[in-house]
Amino acid sequence: MTKYQGKGVYGAVAIGKISLFKKQDTAVKRIHTTDTDHEKERFEQAKTLAIQQLDEIYEKALKEVGEANAAIFEIHQMMLEDEDYNDSIINIIESQNVNADYAVAVTADNFADMFAAMDDAYMKARAADVRDISNRLINILSGNTAVSHHSDEKLIICAADLAPSETVSLDKEKVLAFVTAHGSSNSHTAILARNMNIPAIIGVGDEFLEAVKDGDEAVVDGFTGEVLLHPDDESVQTYRRKQADDEEKKRLLLELKGKENITKDGRKINVYANIGSVDNIGAVLLNDAGGIGLFRSEFLYLENSDYPSEEQQFGAYKKVLESMAGKKVIIRTLDIGADKQVDYFKLKKEENPALGYRAIRICLTRPEIFKTQLRALYRASVFGNLGIMFPMITSVSELERILAMCAEIKEELRSQHVEYAENVELGIMIETPAAAIISDRLAPMVDFFSVGTNDLTQYTLACDRQNPDIEEFVDTHHEAIMRLIEMSAVNAHKCGAWIGICGELAADTALTETFLRMGIDELSVSPTFVLKVRDAVRNIDLS
Ligand code: PEP
Ligand code: MG
């Protein structure tokens with residue numbers, strides 16, 4: 001048995017087998033070959049396997065999302081058989097004496113460019129499909145299989161690091177725990193693990209990855225950050241007891257369901273939940289959250305291989321609003337960039353992505369993307385109690401431009417006789433020091449503030465939230481951060497706006513009393529922390 005130490009980012013215990021997460025290496029190498037027959041044979045075999053995989057995916061999709069949505073996988077099978085596509089690959093192998101992987105990659109580029117240049121919107125959208133089927137072929141050819149799709153056993157996923165897009169692509173039903181060699185506790189991957197209610201440890205170091213292989217037994221203790229590789233029977237017993245105790249504690253918290261978030265002296269507060277996907281609504285309802293304080297809408301974009309259409313977004317927002325049956329739902333507009341990269345946005349590589357082209361900066365400079373999202377949001381607003389929130393605000397002029405765009409979208413909908421709700425609350429994230437410092441100017445323009453402590457901490461303390469090497473300098477309780485939050489709360493209330501916190505700090509129960517004393521009106525946390533925060537609130541006496 002060997003013990004490895006990392007940092008726990010979601011407290012729970014997992015005992016099971018390891019699966020090494022294989023990165024999808026998209027950089028395809030051009031390899032010269034004299035045996036072109038062998039490469040053509042490899043291509044044919046990969047195609048057969050791809051078609052089989054798509055059969056399985058089609059069947060799964062049919063059950064989960066219905067025939068209309070599953071149909072795309074039949075289209076993918078047809079595209080794999082397309083004569084022009086096949087001829088191009090064979091031609092490149094024969095004429096250039098190269099490997100099949102490379103021939104597929106070049107064909108994918110050529111065909112995707114060709115589709116993308118077409119005027120017809122349907123044909124344009126096929127560019128993403130051609131890339132998708134080609135990536136499937138390339139993954140098969142290069143032996144990349146990612147998480148085993150065929151095993152029903154839940155596994156402990158181990159990786160050097162996981163990008164948010166990789167984390168969302170994992171089948172949650174098959175993940176027992178996450179362990180990464182690198183990564184930092186405020187990264188979106190850690191946030192996703194919390195949202196998914198999955199024990200997670202980061203920063204166990206490269207030695208761990210070098211020591212493990214697929215199928216190894218391990219214990220993951222998300223409370224202490226310990227990973228035991230090849231645990232002995234005694235340790236397994238000890239951890240089974242710890243697991244049972246934890247489940248019992250979580251069960252006791254469930255007794256708080258239906259109770260109010262009220263302090264001993266009668267002060268009430270809203271405790272809402274953060275979600276990244278429509279799939280998280282079950283956890284929100286199960287944990288009795290009073291509403292949704294942050295729906296990270298960018299995950300709709302991360303899960304897609306092309307810009308989600310207005311209809312697709314409208315469907316997702318409507319579903320969340322309807323499921324919450326009149327409770328508040330705050331949807332944050334697109335926050336892509338920095339660590340949340342999406343290929344089809346074609347963002348340039350930046351020296352300092354966290355300080356770069358992200359979130360509202362993309363929305364304001366690519367208004368067609370922003371307007372599509374705003375239309376979908378306003379159209380969905382009639383199905384519940386919607387609030388819209390804008391990320392990464394730093395100035396009054398940005399907010400003026402945003403509000404003007406909202407007005408323009410409403411006017412457009414009105415002229416088209418499309419219904420929208422008049423009472424949609426508009427708010428901004430306070431996640432830059434600039435926004436907190438000018439919160440007296442911003443507050444009169446909005447209905448609410450929501451403090452994003454993850455970014456506010458990074459920008460205030462000049463500590464990259466992605467960098468695990470500086471974690472010791474990340475003092476999340478730093479006085480500077482507390483002062484900025486308090487300043488924002490005072491300014492919000494002066495102007496009749498309400499203020500919540502939706503960063504990870506909202507779940508830090510050591511600060512619940514401090515936040516209540518500042519006058520914070522709402523705390524929005526991962527669904528699994530709602531009852532823990534309720535418990536803390538109910539034990540506070542502010543008198
Ligand atoms: C934050 O910055 O605190 C926040 C809630 O937004 P995100 O973590 O998605 O950047
Ligand atoms: Mg943020």
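**Ligand contacts and helix packing in a predicted model**

Q: In this predicted model, how far is an oxygen atom of ligand 1 from a polar backbone atom of Thr453?
A: Here the protein side of the pair is a backbone atom of Thr453, and the ligand side is an oxygen. Polar contacts are N or O pairs within 3.5 Å. For Thr453, the distance comes out at 3.1 Å.

Q: Which residue has an N or O atom in its side chain 2.8 Å from an oxygen atom of ligand 1?
A: Ligand 1 has 16 residues around it, and those that come nearest are Arg296, Arg332, Gly452, Asn454 and Arg465. The 2.8 Å pair belongs to the side chain of Arg465.

Q: Is helix 3 oblique or parallel to helix 4?
A: Helix 3 (residues 83-96) packs on helix 4 (residues 100-116) at about 130 degrees, with the axes 9 Å apart. Roughly antiparallel would need an angle over 145, and roughly perpendicular runs from 65 to 115. So helix 3 is oblique to helix 4.

Q: How many charged residues does the contact of helix 14 with helix 15 have?
A: These helices pack at about 60 degrees with axes 10 Å apart, in a right-handed crossing. Among the residues that meet are Lys371, Arg375 and Arg379 from helix 14, and Glu408, Lys410 and Glu412 from helix 15. Alongside nine nonpolar and no polar residues, the charged count is six.

Note on methods: Residues are numbered from 1 along each chain as its sequence is written. Chains are lettered from A and ligands numbered from 1 in the order in which they are written. This is a predicted model: local features need pLDDT of at least 70, side-chain atom pairs count only at pLDDT 80 or more; totals for chains, interfaces and linings use all residues. Side-chain values use heavy atoms; hydrogens and water are left out. Axes are lines fitted to C-alpha atoms, for helices over the stretch in contact, and angles run from 0 to 180 degrees between N-to-C directions. Helices (H or I, at least four residues) and strands (E, at least two) are DSSP runs, numbered from the N terminus. Angles under 35 degrees count as roughly parallel, over 145 as roughly antiparallel, 65 to 115 as roughly perpendicular and the rest as oblique. A residue is near a molecule or strand if one of its heavy atoms lies within 4 Å of it. A polar contact is a pair of N or O atoms within 3.5 Å; within protein, one must be able to donate a hydrogen and the other to accept it, and residues adjacent in sequence count only if both atoms are side-chain atoms. A crossing is left-handed if the near helix is turned anticlockwise from the far one by less than a right angle, and right-handed if clockwise. Contact means heavy atoms within 4.5 Å. Ala, Val, Leu, Ile, Met, Phe, Trp, Tyr, Cys and Pro count as nonpolar, Asp, Glu, Lys and Arg as charged, and the others, Gly among them, as polar.
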